[in-house]
Amino acid sequence: MDLGMIGLGRMGANMAQRLILGGHRVVGFDPNEAARKALDDKGGESADSLQAMVAKLDAPRAVWSMVPAGAITDGTFDALLGLLTPGDCIIDGGNSYYKDSLRHAASCAAKQIDFVDAGTSGGIWGLDEGYSLMIGGDAAVVERLRPIFETLAPSATQGWGRVGSVGAGHFTKMVHNGIEYGMMQAYAEGFSILEHKKQFALDVHQIAQIWRTGSVVRSWLLDLTADALGKNPTLSGIAPYVVDSGEGRWTAAEAIDLDVPAPIITHALIERLRSRETDSFADKLLAAMRNEFGGHAIKKE
């Protein structure tokens, strides 16, 4: 099956390669010339513009967008909408906000172009392990695209599925990433406690390896944690600054809108925001208040 691929960063490039290995024809576009050349070297076909990519695909076309959420996705979507024709399909596999996907789907429907939102998990390991795909869209359209999803997934029958109508894919992926925030925060806090217990001189990498087998807290995230600690046990050279790409914020906001308590996910998000404060006004004020009511000492900068 032919597929256009927009965005050949590490994850997009790995997805393209998995499709090529699965016997699909992939025509890809990326502004980065080196990324386009890499696709050619892997057996795909590159295009130096969206227009050229669309021209190389036979109708009805299917184009998978793998670019960051927000303005870049909006710009790519608008450009595609002016190039595609009725019966074509846009698949957004990035971490887009589900409400943006609903808006994009409505714009597509007005031009008789199909839209599918495919929440995609698997990161840089998906080439070998396969990708978990949470798909939103019309059932008939998803069925037509089945060969693509079956190739990208861990297997034809596992790790992927249509979870609902348009928007449901990115909504499900949003909650998936919110859960991920909480799991990562729990691991980080637990290993921090272990590392601070100097009395026992614990080897946190060894402990991570032990937990990987048989433990009730084993997971792929723990596998990756063990790998990171094996490479760098003291985490030297890594700044205590944790970014977020939006999904945790959206999940917390959705929980509030739905009156669903989600303290773990919300706290994990707050901890990420807190990691970026190198000069915390709030902490300074806490110290000042303790001094005011109890005469407690203030540590000077």
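Colleague: Where is the place of Pro 60?
Modeller: Pro 60 sits in the loop between helix 3 (50-56) and strand 4 (62-65). Keep in mind that this is a predicted model.

Colleague: What joins Ala 59 and Pro 60?
Modeller: A cis peptide bond, with omega at about -5 degrees. Most peptide bonds are trans.

Colleague: What is the phi of Gln 112, and where does the residue lie?
Modeller: Its phi is positive, about 60 degrees, although Gln 112 is not a glycine. Most residues other than glycine have a negative phi. Gln 112 belongs to the loop between helix 5 (98-110) and strand 6.

Colleague: Why does Gln 112 count as exposed?
Modeller: Its relative accessibility is 58%. Exposed means over 50%. Gln 112 therefore counts as exposed.

Colleague: What about Ala 201: which loop holds it, and what is its phi?
Modeller: Ala 201 is in the loop between helix 9 (168-196) and helix 10 (204-211). Its phi is positive too, about 50 degrees, and Ala 201 is not a glycine.

Colleague: What makes Ala 201 count as exposed?
Modeller: Set its 66% relative accessibility against the cut-off of over 50%. Ala 201 therefore counts as exposed.

Colleague: Why does Phe 293 count as exposed, and which helix holds it?
Modeller: Phe 293 lies in helix 14 (residues 281-294). Its relative accessibility is 64%, and exposed means over 50%. Phe 293 therefore counts as exposed.

Colleague: Which residues form the nonpolar patch on the surface?
Modeller: Phe 281, Leu 285, Leu 286, Met 289 and Phe 293. Together they have about 570 Å² of accessible area. Patch residues need over 30% relative accessible area. Phe 293, at 64%, is therefore above that cut-off.

Colleague: What makes strand 7 mostly covered?
Modeller: Strand 7 (residues 132-136) has five residues, and four of them are buried. Buried means under 20% relative accessible area.

Colleague: How do you know that strand 7 pairs with strand 6 and strand 8?
Modeller: Pairing needs at least two bridges. Strand 6 (residues 114-121) and strand 7 have five and run antiparallel. Thr 120 has Leu 133 of strand 7 as its bridge partner. Strand 7 and strand 8 (residues 160-164) have four and run parallel. There, Met 134 has Gly 161 of strand 8 as its partner. Both counts meet the cut-off, so both pairs hold.

Colleague: Which residues touch the most other members of the largest nonpolar core?
Modeller: Met 5, Trp 64, Leu 145 and Phe 149, out of 28 residues. The largest share of this core, four residues, comes from helix 1 (residues 10-21). Another core lies apart from it, with 19 residues, including Phe 29, Val 63, Val 67 and Ala 105.

Note on methods
Residues are numbered from 1 along each chain as its sequence is written. This is a predicted model: local features need pLDDT of at least 70, side-chain atom pairs count only at pLDDT 80 or more; totals for chains, interfaces and linings use all residues. Side-chain values use heavy atoms; hydrogens and water are left out. Patches are made of residues with over 30% relative accessible area and no salt bridge: like charges are joined within 9 Å, nonpolar side chains (Val, Leu, Ile, Met, Phe, Trp, Tyr) within 5 Å. Accessible areas come from the Shrake-Rupley method with a 1.4 Å probe; for residues, only the protein chains shown count as cover. A salt bridge is a side-chain nitrogen of Lys or Arg within 4 Å of a carboxyl oxygen of Asp or Glu. Helices (H or I, at least four residues) and strands (E, at least two) are DSSP runs, numbered from the N terminus. Buried means under 20% relative accessible area, exposed over 50%, partly exposed in between (1.4 Å probe, protein chains only). A nonpolar core is a set of buried Ala, Val, Leu, Ile, Met, Phe, Trp, Tyr and Cys residues joined through side-chain atoms within 4.5 Å.
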